[in-house]
Structure formats: structure tokens, C-alpha cells
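Have a look along with me.

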Amino acid sequence: MRSDRTMAVAYTALMAALVFVATYLIKIPNPATGGYSHMGDCMIFLAVVMLGRRNGSIAAAIGGALSDLLAGAAAWVVPTLVINVVMAFIMGTIIEKNPMAARKQFAGAVAGGIFQIAVYTLVKIVLTGAGPAVLSIPNVTIQTTVGIILFEVLVNVLMRHAPALFRIRGEVK
């Protein structure tokens with residue numbers, strides 16, 4: 001017999017692992033900041049649709065922060081954790097009433113992505129200076145845009161061929 005709570009924790013951990021892998025392994029270095037662009041945003045958006053606002057935010061935070069920690073970017077662990085939680089929470093709030101609505105998913109991903117671009121730029125100003133932060137705006141914008149596009153493709157394929165994945169939205173209380 002499986003418990004809903006146990007399943008929610010397991011799926012949240014699985015999505016955190018997918019966020020980590022897509023962030024840590026699929027990356028393009030950014031010489032301007034010493035950081036990198038990655039595909040983790042796609043998995044974050046997918047986690048929110050699959051798990052809901054709360055658990056999707058938890059998976060986003062754990063996966064992204066763990067990637068920064070293991071990549072040797074300790075200064076970015078806390079900012080990434082906070083930014084990913086809020087980005088996922090924004091999307092989750094927008095899609096909360098109708099999580100399977102494609103327009104709401106897109107709007108949520110865009111709104112969360114805009115937040116991410118703005119706040120990462122502000123944090124980069126503090127950590128690396130205004131010049132490198134401004135030079136990194138195109139990279140983080142491209143990363144976010146590609147993440148949204150890949151999310152849209154992936155969620156449509158999964159909804160068509162594996163709809164059971166989207167029935168796991170139970171949240172840990």
C-alpha cells in the first residue's frame with residue numbers, strides 16, 4: 001500500500017534530481033560572469049505543472065541549489081535557492097486553478113522567467129559588478145527563453161503520451 005505523502009515526497013525528490021541534472025550536466029559557460037547557462041528552467045516549469053506550486057518550488061530550489069554547490073559556485077547557492085523557489089511559486093500561482101491550461105502554463109513560465117532574469121541580474125551586480133551583470137543579461141534571457149520553449153514542447157509531448165504523470169499533484173501537508 002502506498003501513501004500519498006510518500007509518493008509526493010518521492011516525486012518531489014525525482015523532479016529535484018531532474019532539475020539538478022538539467023542544470024549541472026547541460027550547461028554552456030558564460031565567460032562574462034564565470035557562470036553558465038543551463039536547461040534546468042525547463043525541468044523547473046515541468047515540476048510545477050506535475051507537482052503543484054509547493055512541491056514544484058521545493059524541487060526547483062533543491063535541484064538548482066545543489067547544482068551550484070557541486071559546481072563550486074557556493075556564493076550562488078542561496079540566491080539560486082530563493083530565485084528558483086519564487087520563480088516556481090509565481091508559475092504555480094498563475095496555473096493553480098487550471099494547471100493543464102496551455103495558455104496559463106505559458107504565462108506562468110514567462111512571468112517566472114522575467115522574475116528570474118531581473119533578480120539574477122540584480123544579484124550579479126552585487127556579486128560580480130554592474131558590467132558583467134549587464135553583459136550576462138542576453139545569456140540569462142536566452143537560457144530562460146530556451147527553457148520555456150523546451151518546456152512547452154516537453155509538456156505537450158508528455159500530456160499526449162504519458163498523461164498519468166500529471167495526476168501526481170498531491171502535495172505534502
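Before the first entry I noted what the angles mean: axes are lines fitted to C-alpha atoms, for helices over the stretch in contact, and angles run from 0 to 180 degrees between N-to-C directions. I also kept in mind that this is a predicted model.

Entry 1, helix 5 and helix 6. I looked up helix 5 (residues 102-128) against helix 6 and found their axes 9 Å apart, at an angle of about 155°. Angles over 145 degrees count as roughly antiparallel, and helix 5 and helix 6 are therefore roughly antiparallel to each other. I noted their crossing as right-handed. Sorting the contact by class gave me 15 nonpolar, 9 polar and 2 charged residues.

On the helix 2 side I listed D41, C42, M43, F45, L46 and V49; among their partners in helix 6 are I148, F151 and L154. By class, I wrote down 11 nonpolar, 3 polar and 1 charged residues for this contact.

My search turned up 1 salt bridge. It joins the side chains of E96 and R53, at 3.2 Å from N to O. E96 sits in the loop between helix 4 (77-95) and helix 5, and R53 in helix 3 (residues 53-70), so the pair ties together parts 43 residues apart in sequence.

Notes:
Residues are numbered from 1 along each chain as its sequence is written. This is a predicted model: local features need pLDDT of at least 70, side-chain atom pairs count only at pLDDT 80 or more; totals for chains, interfaces and linings use all residues. Side-chain values use heavy atoms; hydrogens and water are left out. Contact means heavy atoms within 4.5 Å. Helices (H or I, at least four residues) and strands (E, at least two) are DSSP runs, numbered from the N terminus. Ala, Val, Leu, Ile, Met, Phe, Trp, Tyr, Cys and Pro count as nonpolar, Asp, Glu, Lys and Arg as charged, and the others, Gly among them, as polar. Angles under 35 degrees count as roughly parallel, over 145 as roughly antiparallel, 65 to 115 as roughly perpendicular and the rest as oblique. A crossing is left-handed if the near helix is turned anticlockwise from the far one by less than a right angle, and right-handed if clockwise. A salt bridge is a side-chain nitrogen of Lys or Arg within 4 Å of a carboxyl oxygen of Asp or Glu.
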